[in-house]
Amino acid sequence: KNPDARASVLKACEGLDALRERAERVLEIERLEKTTTVRMGRKPIGDLVTMVARSWKARAGTRDVEVAVDTHGLEVCVDADLITRALDSYLENAVRFTPARGRIRLEAKRRGDSARITVWDSGPPLHPDVRARAFDKYWTSREGPAGASRGLGLYLCRLVAERHGGSAWTDDDQGCCAFHLALPLMSAPDAPAAAAAAPIRS
């Protein structure tokens, strides 16, 4: 019944959740750095993107999270759990650096033989020198809340993309900071159970 005590308990629980998520991310990174295969399955890209966006709308606070899926039923062959983790990292980054009442946009579209998922945010843009290193391990670039980043979220996105034969990168688009994830579209009726990992760029 004590509001201050309740607030303290809630804050402690949030801290524990953050520690758990960080530990899970470290373990996932270690696994991806060592593995040569990822488990694959057919997945409509629109369903995947919409599911992730829905889970983040409640966590975005006063920020407006907009979803635009224009994939016309296109399917990808992916490890859905890994792609979800990568998109979670993109959206976590967007929420962290987007000011209150700012905008976040999640979009999925076809680009040639790839499905491109993009997360835009209205937070501060990245300097070109920073963009070149944004996906390096332990590299943290944008100024945010103290202790909020350990430079692993975008590195995880890079690993996930490359393990699927895709790519991850960031650029500035009309004054917004944009983070992209490109995944190969399915080219055969039946998807393999596993795919060989692409080499990690050094």
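Trainee: Is Glu66 buried, partly exposed or exposed, and what relative accessible area does Glu66 have?

Mentor: Burial is read from relative accessible area, where buried means under 20%, exposed means over 50% and partly exposed lies in between, with a 1.4 Å probe and protein chains only. Glu66 has a relative accessible area of 26% and is therefore partly exposed. Bear in mind that this is a predicted model, in which local features need pLDDT of at least 70 and side-chain atom pairs count only at pLDDT 80 or more, whereas totals for chains, interfaces and linings use all residues. Residues are numbered from 1 along each chain as its sequence is written, and side-chain values use heavy atoms, with hydrogens and water left out.

Trainee: Which side chain meets Glu66 in a salt bridge?

Mentor: A salt bridge is a side-chain nitrogen of Lys or Arg within 4 Å of a carboxyl oxygen of Asp or Glu. Here the side chain of Glu66 pairs with that of Arg105, at 2.5 Å from N to O. The pair links distant parts of the chain, since Glu66 is in strand β3 (residues 64–70) and Arg105 is in strand β5, 39 residues apart; helices (H or I, at least four residues) and strands (E, at least two) are DSSP runs, numbered from the N terminus. Arg105, at 25% relative accessibility, is partly exposed. Glu66 and Arg105 also belong to a network of salt bridges that links them with Arg103, Glu107 and Lys109.

Trainee: How many residues does the largest nonpolar core have?

Mentor: In soluble globular proteins, nonpolar side chains tend to be buried together. A nonpolar core is a set of buried Ala, Val, Leu, Ile, Met, Phe, Trp, Tyr and Cys residues joined through side-chain atoms within 4.5 Å. The largest one here has 48 residues, and those with the most contacts inside it are Tyr90, Ile117 and Leu181. Its largest share, eight residues, comes from α3. Taking contact as heavy atoms within 4.5 Å, and not counting residues up to four places away in sequence, Ile117 touches residues including Val49, Leu87, Phe179 and Leu181.
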